[in-house]
Amino acid sequence: ETYEFLKGELHYELSSLAGDREPTEIRWHLVSTELPKGMLNLDFNGKLSQTYIEKDYVRVRSQGLKIYGYLYDNIGLYFNFVDNREVGNAINFKKQHTPEPGIVPTKNDNEVLEYNTTEAQLSVQLGEFQLSLEKMQNVWGLGRRGNIIFSDKAPSYPQFKMRVPIASWLDFIYLHAELNSDLLDSTRSYPTNSSALRNYFRPVDHLKYMAAHQIEISVINGLDISLGESVVYSDRGPLLIYLIPIMFFKSAEHYNRDKDNTQFFFNADINLIRNLNVYGSLFIDDFNTDNILSSTKSINEVAYTVGLQSYDVPIKNLELLVEYSRLNPWVYAHRIPATNFSNNGFDLGHWIGQNADNFFLELSYKPIRSLIFGGSFEVYRKGGYEDIAYHYEKELPAPPFLYGPLREQQSYSFYGRYQFVRDGFLNAYVKTTSLSDESLGVKDQKQLEFSLGVQYGIW
């Protein structure tokens, strides 16, 4: 049923791929018009939800529009704008301790939070090369509750991207992005003296860029792996050496006299047993084999995710997910703050951040295509953040994993989602949490949360 539903959703694309230049059926859009050898669609986005956390509440209202289409056979365009307003006394202004995407606020005042998100992409197909100039998020890595490589936690960022299917079993992808360091460059900031009554100040942030590439390999049917590398650099650029898609970034960092921050990552997706998916991701920010077995001097900044999903076992349309992620101290951090693995103050990877782990168990059931409900159990632990000198100064003892102050959340959730029309959804969930936080002096604090919402056009 889902497959047939999506065929209608993508009827224009499927017809075009089959050689039909004038499809007989196109799904409904608010506005749909023809372009030269293509078409353009416009749709409305809307969302309204109310969440209660004990006696407190948050009301979210969102509205915007989405435009996408095709032009001259080989050009694609996409634009999605959503304006958001949160009102209430339980707003998570900094979006901490949650997988909810990070934001750049336009208004942050007591019980009101306003922000907007915009994604845009212009793409072109040149032979086998797929090129795009875009402001988007990247999701690299295998994880349902979070991704340790690139995730949707940090706000989207402008980038150039290239993807090349080299062979039937081999893909290559490269991107170069401009990030927001959110760090003031005092040497370039200045007072404007634009008024006789006031002196205005022009803040200028440190420049920050990122490059990444990855090869994706289908080893055999049911076994897919990927290997990748990324680098974050700042205060100069964009640098030509990181604009070479097949450059070895670690060597380029050495060429630049170790002023930058490189990372390596690996993924394995295993589907060799029917109805069972096993997966894992490894992220290496910094690794030193000299003291790997030392409990006091080991300074290995690594993170990993392992997970298991089962489908239709023991009954059809039942899904089980078990996932664990661990991030060692100082993962994503660097001795030069402007080269942290972050954008606009949010880590580019997993939402739990450094010195933390997360265990997630979920069971969901889909009795019909338009309805899904389920429940989950989660344990999230978050340690402290000592001076990064403990990583770089070898004479300093390395604090153990999950050193304090420690925050621990244990929660149970139940949820449901119903798609009452093609683009319309009703959402509901209830969640109970037990919180202990040494920095707040809280121990086994119980909290009940429930939410109701309706949305249209925001998937």
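Let me start with a term: buried means under 20% relative accessible area, exposed means over 50%, and partly exposed is in between, with a 1.4 Å probe and protein chains only. This is a predicted model, where local features need pLDDT of at least 70, side-chain atom pairs count only at pLDDT 80 or more, and totals for chains, interfaces and linings use all residues. Residues are numbered from 1 along each chain as its sequence is written, and side-chain values use heavy atoms, with hydrogens and water left out.

Today's topic is salt bridges. Each one is a side-chain nitrogen of Lys or Arg within 4 Å of a carboxyl oxygen of Asp or Glu. The structure has 18 of them.

Take Glu114 and Arg85. Their side chains form a salt bridge at 2.2 Å, N to O. Glu114 sits in strand β6 (residues 112-126) and Arg85 in strand β4 (residues 75-88), so the pair ties together parts 29 residues apart in sequence. Strands here are DSSP runs (E, at least two residues), and helices are runs of H or I, at least four residues, numbered from the N terminus. Glu114 is partly exposed at 22%. Arg85 is partly exposed too, at 24%.

Next, Glu378 and Arg145. This salt bridge is 2.9 Å, N to O. It links distant parts of the chain: Glu378 is in strand β21 (residues 371-382), and Arg145 is in the loop between β7 (129-136) and β8 (157-167), 233 residues apart. Glu378 is buried at 6%. Arg145 is partly exposed at 22%.

Now a local pair. Lys250 and Glu253 meet at 3.1 Å, N to O. Both lie in helix α3 (residues 249-255), three residues apart, about one turn of the helix. Lys250 is partly exposed at 25%, while Glu253 is buried at 5%.
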